[in-house]
Amino acid sequence: MVIDPDASTSPFVGDLLLTLAGEGRLVLDAAQAEEAVAELERTLSAVRARLRVLRIWRHGPPQGVDDIPDDLAPDVVDAVFTDQLAPGRLEAAAVELPKYIEALRRARTAPGGAGRSVPG
């Protein structure tokens, strides 16, 4: 799967968020930023897990869904279905989500809004 290089058709705005945070135009309360970062990190973890499942499915020996252990079949079906509906989007999300996370970390302010906190 190839990621669409045309940014105008991409639903992702990681580079824009990084720029806005770097310019001080994206500013969030530290607690809000940390909550959003935690959610994005969970999302990134799920995306990476789906990508691992897809790689195993694509590069492993050919098999049918009936040959997959019952506890893994739902994950395989979900990952393959997601990739069929939006080819390349999981790969794009794996590249873009870290940008979102970094932008939100840069955008957080100290408690009470008194200046920006030190990235951690």
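How many residues does helix α3 have, and how far does it reach from its first C-alpha to its last?

## Helix α3

Helix α3 covers residues 73-85, 13 residues in total. From first C-alpha to last it reaches 18 Å. That is close to the 18 Å expected at 1.5 Å a residue.

This is a predicted model. Mean pLDDT for the protein chain is 83, and 82% of its residues reach 70 or more. Within the chain, confidence is lowest in α3, at a mean of 84. It is highest in α4, at 96.

## What buries α3

Which residues of α3 are buried? They are A73, V76, A79, V80, T82 and D83. Their cover includes α2 (30-59) and α4 (89-107).

## Packing of α2 on α3

Two packed helices are described by the angle between their axes and the distance between the axes. For α2 and α3, the angle is about 95 degrees and the axes lie 9 Å apart. The two helices are therefore roughly perpendicular to each other, since angles of 65 to 115 degrees count as such.

On the α2 side, the contact is made by R50, V53, L54, W57 and R58. On the α3 side, D75, V76, D78, A79, V80, T82 and D83 take part. By class, this contact has six nonpolar, one polar and five charged residues.

## E96 in α4

Helix α4 holds E96. Is E96 buried or exposed? E96 counts as buried, because its relative accessibility is 12% and the cut-off is under 20%.

Leaving out residues up to four places away in sequence, E96 touches F12, V13, G14 and D15.

Notes:
Residues are numbered from 1 along each chain as its sequence is written. This is a predicted model: local features need pLDDT of at least 70, side-chain atom pairs count only at pLDDT 80 or more; totals for chains, interfaces and linings use all residues. Side-chain values use heavy atoms; hydrogens and water are left out. Helices (H or I, at least four residues) and strands (E, at least two) are DSSP runs, numbered from the N terminus. The expected span of a helix is 1.5 Å times one less than its number of residues. Buried means under 20% relative accessible area, exposed over 50%, partly exposed in between (1.4 Å probe, protein chains only). Contact means heavy atoms within 4.5 Å. Axes are lines fitted to C-alpha atoms, for helices over the stretch in contact, and angles run from 0 to 180 degrees between N-to-C directions. Angles under 35 degrees count as roughly parallel, over 145 as roughly antiparallel, 65 to 115 as roughly perpendicular and the rest as oblique. Ala, Val, Leu, Ile, Met, Phe, Trp, Tyr, Cys and Pro count as nonpolar, Asp, Glu, Lys and Arg as charged, and the others, Gly among them, as polar. pLDDT is the predictor's confidence in each residue, from 0 to 100.
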